[in-house]
Amino acid sequence: MVTVEIRIELKKGIVDPEGKNVMKTLKLLGFSGVRSVKSIKVFDVELDASPEEAIKSGEEMCTKLLANSVIQDFKVTVR
Amino acid sequence: MIRRNVPYSLYDVNILSATDDELMCISSEMGLSLSLEEMRMIVAHFKKKGRNPTDIELQSLGQAWSEHCCYKSSKLTLKEFIFSIDNPNVLSRGDAGVMVFDDDYGYALRIESHNHPSAIEPYGGAATGIGGILRDVVCMGAQPIGLVDPLCFGYINTCKKIPKGIKHPHYLVNGVVSGIRDYGNCVGIPTISGGFFFDDRYNGNCLVNVGCLGIVKREELLSNYASGPGDVMILLGGLTGRDGIHGVTFASTNLTSTSDKDSKGAVPFGDPIVKEPTIHACLEANQKSLITGMKDLGGGGLSCVIGEMAFGVGGCGADVNLDKVPLKENNLTPWEIWISESQERMMITCRPENVQKVLEIFDMWDVNATPIAKTTDTAHIRIFWKGELIFDMNSEFLTSGPVYNRPHIKPKISTKIDEKFPHVKITNDTIKTLLSDINIASKEWAIRQYDHEVRASTVIHPMVGKINHTGPGDASVLMPVPGRYKGLAVAVGCNPWFTEENPYNGGKACVDEACRNIIAVGAKPDALTDCLNFGNPENPERFGEFREAVRGLGEICNDLQLPIPSGNVSLYNETPGGEHILPTPMILICGLIDDIRKAVTADIKNEGNKLFIIGKTKDEMGASLFFRKFGGEKGDVPDVDSKNLKRLMDKMLKTFDKSLIRSCHDCSDGGLIIAIAEMCISGQIGAKIDLSEIGDLCIERKLFSESNTRWIAEVEEKDVEAFKKIMDSDAIYIGKTGGDKLTVKDTDINLTVDEMRSTWNDPIWNLMGGNAE
Amino acid sequence: MKNEDVKVCVLRIEGTSCEDDMYQAFKMVGASPEKVHLKQLIGQTSSSLKRNIEDYDILAFPGGFSAGDYVRGGAIFAARIKSTIGPQIKKFVESEKPVIGVCNGFQTLVELSLLPALNETMSSKSTAVLYRNDSSRFECRPTFLRNDNRGKCIFTSDIPKKKILMIPSAHAEGKLLSMDPKFVDKLVENDQIVFRYVGENGENAKYPWNPNGSLSDIAGICNSIGNVLGMMPHPERVLTRFTHPDWTRGYNSEEGDGLCVFRSVMKKFL
């Protein structure tokens with residue numbers, strides 16, 4: 001069994017309302033010096049496969065379900 | 001403790017030969033939260049049986065005898081003042097109360113607290129609170145139609161030091177609102193009403209009360225019991241895990257500085273996406289008459305539900321195959337399974353011939369359903385683990401927890417004699433100070449995060465007036481049966497500051513306020529459900545407050561013949577160091593309106609209409625917002641004359657029936673002037689006020705007194721005569737609508753509607769962030 | 001065809017919580033709606049419960065939080081449909097039968113690539129997205145929509161052009177977005193824009209009138225044939241005047257602003 005980590009983040013140029021709002025609230029709570037906040041989503045998928053196969057199916061999972069190619073990039077790594 | 005020689009975890013606990021010290025040690029080490037006296041009762045019971053209890057038997061008693069499950073401290077008081085109110089329109093007093101809606105339908109109502117879990121983990125605590133209250137309504141066979149969430153926190157920007165181990169109000173407010181939003185929106189039940197109460201006395205122990213309404217065809221009304229011996233008990237919904245173990249015993253003690261670390265296991269996590277199909281499937285099985293009873297697994301888990309469902313039907317017992325319970329993880333011990341409070345679970349009973357049909361419905365919705373027990377005629381609960389008997393107790397002993405007559409001290413109340421009146425020059429700033437207090441200020445930040453329109457039956461919304469220029473409403477109104485104009489109104493009534501200074505008057509005032517809100521939309525108060533949040537009942541002062549508040553509550557409900565078919569008590573709301581909350585009896589009231597097309601909202605509708613105040617304004621400044629804000633002390637706390645309330649409600653309903661009132665708002669926090677300001681804000685129209693006809697009170701008292709049983713009404717010139725004919729001297733003329741300013745004769749008050757709007761609108765947005773850009 | 005012969009499939013799975021409202025909307029215009037679980041269409045039920053999508057005249061995707069809205073709104077619902085009855089759904093659309101998706105239903109249609117469908121009825125990859133609101137919050141508020149369709153969409157055939165309707169919104173992910181810089185131009189060219197958010201006097205909508213920051217204030221679009229409509233606001237919540245938030249301030253008709261969407265599509269079957 002291997003564990004693949006699927007990391008999904010917004011494409012460059014797409015605004016991140018969650019990050020923006022978290023940043024605003026952090027400032028409100030008195031955290032000074034916060035430059036930026038970015039929201040990122042991570043899935044850990046355990047599967048029975050070789051590392052190569054695992055990467056391949058991880059990528060397929062992204063295109064079929066986990067990531068929307070219009071706004072999101074993904075990175076699949078084996079842990 | 002002696003481990004039994006079996007291939008799973010089971011201990012016999014030696015209590016028969018234990019000393020008092022050892023008994024207390026057992027109670028605390030096993031997390032039972034039972035007192036010495038209670039442990040001795042258990043010893044006596046098992047002496048008669050001639051054996052020691054198993055760990056699972058003791059754990060079961062710890063659950064069943066907790067304050068949360070058996071109301072051991074509050075029962076006598078509730079019996080004395082509340083349970084006696086009878087009303088032929090009560091259809092059921094089950095997990096939720098059910099009242100007559102019309103000839104074909106009943107409506108369900110219930111409120112309960114989720115205070116302690118929310119103080120530890122606000123998001124999960126609030127979300128599971130919603131889950132639990134939904135189940136209570138579904139158990140009656142009713143479709144949930146609306147959620148109501150009154151909440152109490154410390155000031156969002158409090159300057160007080162937050163006790164160790166306690167979370168900051170800002171964090172709690174955000175977490176609780178997010179939890180309600182995500183769960184309520186996701187299951188598709190509108191959150192239609194609620195309330196926020198901010199005071200530093202809630203810093204250490206916030207209150208999260210959750211209420212739910214439902215609608216049920218009267219012929220489909222379900223009981224919470226089995227139908228008799230031989231019924232099969234089917235466990236539904238989520239899997240059972242370690243989450244939520246000792247939730248009720250945790251809720252029945254004070255929070256401590258390490259509660260957040262000790263009791264992680266006591267906050268179960270919810271999953272709305274299991275709940276939503278479970279509701280569908282339960283209601284479908286009920287509509288097909290396949291089930292005999294239904295009950296929610298809340299506090300105490302299986303240990304409470306099986307006993308109550310079996311015993312409630314008339315002394316039945318049950319044989320339970322505990323190893324059949326589907327689990328989240330494999331290594332749970334029998335006692336953990338028995339008392340786990342994992343979320344999203346329900347129990348239904350049905351006749352053996354219907355089991356297969358019931359299972360098919362749940363399979364369709366991919367909801368787990370597992371027969372785990374059978375009711376018997378033995379009056380004993382017996383648990384088997386892979387065939388071996390590990391639990392055998394008389395269900396009467398199990399479900400008849402102790403009842404206490406706790407000592408109480410009658411609280412000292414605030415009066416006019418010691419009154420210290422604050423010397424403040426009344427200016428625009430005085431009004432703005434009150435409007436911007438976060439107890440008055442707009443709650444739009446929260447309200448618009450809740451879906452209050454799903455199910456397409458919300459007739460009067462929580463915010464009223466011109467679209468995107470709205471102000472606060474009084475009651476929300478639903479049209480629960482498609483195609484029928486009959487409406488169900490719902491509102492909250494609570495004034496913890498009154499209750500603190502005078503618990504008896506405060507108890508009455510909460511009901512008065514609730515009734516005022518219902519009347520203000522043109523509906524008739526019909527029933528209420530209450531969540532009584534108080535401090536440690538073992539402290540005679542706290543228990544005195546509880547008793548007096550309940551006495552006030554009971555008296556006024558008796559006078560008005562307002563039934564309380566359901567309710568909840570939450571005690572031990574204290575923080576380390578003994579700081580206790582304000583005594584907070586939270587009232588959720590329902591009203592009926594025959595034709596929702598006659599309902600009225602609080603926003604001023606037109607220029608040139610006349611404004612009246614209904615009811616008497618008195619010198620009752622105690623605990624008023626004006627006193628709290630400007631340093632006033634003591635003073636008489638507003639009283640309620642229930643005969644007068646009833647008389648004025650009847651008159652008001654007559655004027656609504658004739659459609660004589662264009663807008664109506666109740667006078668509460670901040671007094672008359674704040675009520676009028678709010679009506680201007682939501683109507684985008686000003687008003688010229690002249691209070692000379694009110695009588696010979698000083699202007700501060702006229703403006704800011706919070707006397708009960710008062711409303712402001714807007715009446716068109718053409719209807720004034722008819723209106724006055726009904727109201728007579730109970731309605732006093734106080735001015736005219738029009739212009740873009742609010743002015744009060746003989747004062748410096750001269751405020752534009754826009755200025756009032758931003759003063760009232762912005763504070764909570766500014767504190768919580770995320771305001772519109 | 002008589003109204004009651006028009007069979008509507010209101011498709012549901014766990015979490016599609018607005019199916020009762022959608023059902024009621026079609027009931028009010030005289031059609032015969034049925035709430036159908038996806039499992040009934042893909043044969044995972046006992047035979048008496050099995051249904052065939054071909055037997056219906058209209059397909060409706062209700063609002064809600066299908067499958068908890070995990071991953072993205074509508075993504076799981078769409079993935080389940082695609083992998084089972086994808087081809088049948090494509091055929092349904094190609095035969096020009098009407099399909100409507102509201103709120104989460106709109107998200108599902110976009111995830112299914114049935115919208116915006118600029119060039120083909122159902123592409124293999126989605127070409128647009130309904131992204132998180134600019135405020136990053138769930139927004140439940142009344143919104144004004146203007147009918148900007150020039151005549152292609154069958155769900156607005158009974159609504160005067162440029163007419164402004166009050167139809168409420170309630171969502172956290174409703175901002176229509178595409179990486180194609182010509183996206184809006186193409187939609188306009190194809191007459192695929194159906195509703196735009198407008199301000200209280202019909203002017204361009206700023207927040208809160210545009211509750212999510214959607215491109216060009218777009219609230220609803222149709223496909224290039226005009227038989228598939230997706231919209232974020234909820235017409236099924238304003239079937240009568242009395243669920244409008246401001247009806248106590250006066251009204252002319254007891255009919256709600258949302259009913260005309262459902263009445264329009266029924267005209268196709270006359």
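A residue is called buried here if 20 or more other C-beta atoms lie within 10 Å of its own, exposed if 12 or fewer, and partly exposed in between, with C-beta atoms placed from the backbone. With that in hand, here are my notes.

1. Ground rules. This is a predicted model, in which local features need pLDDT of at least 70 and side-chain atom pairs count only at pLDDT 80 or more, while totals for chains, interfaces and linings use all residues. Residues are numbered from 1 along each chain as its sequence is written, and chains are lettered from A and ligands numbered from 1 in the order in which they are written.

2. Helix α22 of chain B. Helices are DSSP runs of H or I with at least four residues, strands are runs of E with at least two, and both are numbered from the N terminus.

3. Which residues of α22(B) are buried? They are B:S642, B:L645, B:L648, B:M652, B:T655 and B:F656. Looking down the axis of α22(B), these buried residues fall within an arc of 135 degrees, so they line one face of the helix; the arc is that of the directions from the helix axis to the C-beta atoms. On the face turned away from the buried side sit the exposed residues B:K643 and B:D650. The cover over the buried residues of α22(B) includes α19 (503-520), α20 (540-560), β24 (610-614), β27 (711-715) and α25 (720-727) of chain B; contact means that the C-beta atoms of two residues, placed from the backbone, lie within 7 Å.

4. The sheet in chain B. Seven strands form an open sheet with mixed pairing, in the order β25-β27-β24-β28-β26-β29-β30. Two strands pair if DSSP finds at least two bridges between them. At the edges are β25 (663-666) and β30 (750-752) of chain B, each pairing on one side only. From one strand to the next, the twist averages 20 degrees.

5. The β30 end of that sheet. Strand β29(B), residues 741-744, pairs with β30(B) in the antiparallel sense over three bridges, and B:L742 has B:L751 of β30(B) as its bridge partner. Helix α26(B), residues 753-768, packs on the sheet by touching β29 and β30 of chain B, and its direction makes about 75 degrees with that of β30(B). Such axes are lines fitted to C-alpha atoms, for helices over the stretch in contact, and angles run from 0 to 180 degrees between N-to-C directions.

6. Helix α16 of chain B. In this helix, residues 428-435, B:T430, B:I431, B:L434 and B:L435 are buried. Their arc about the axis of α16(B) is within 130 degrees, so these residues line one face of the helix. Their cover includes α21 (625-630), α23 (672-683), β30 and α26 of chain B.

7. Backbone geometry worth a look. Most residues other than glycine have a negative phi, and most peptide bonds are trans. B:D728 has a positive phi near 60 degrees and lies in the loop between α25 and β28 (731-737) of chain B; with 8 other C-beta atoms within 10 Å, B:D728 is exposed. B:D746, in the loop between β29 and β30 of chain B, has a positive phi of about 70 degrees and counts as exposed, with 10 C-beta neighbours inside 10 Å. In chain C, a cis peptide bond joins C:L115 and C:P116, with omega about -5 degrees, and another cis bond joins C:Y207 and C:P208, with omega about 5 degrees.

8. Where chains B and C meet. Here 40 residues of chain B are in contact with 39 residues of chain C. On the chain B side, α8 (169-187), α11 (272-287), α14 (355-364) and β16 (458-460) each supply at least two residues.

9. C:T243, a residue in contact with both chains. C:T243 lies in the loop between β13 (228-231) and α6 (259-266) of chain C and counts as buried, with 26 C-beta neighbours inside 10 Å. Leaving aside neighbours within four places in sequence, C:T243 is in contact with B:A456, B:S457, B:T458, B:V459, C:R237, C:V238 and C:G256.
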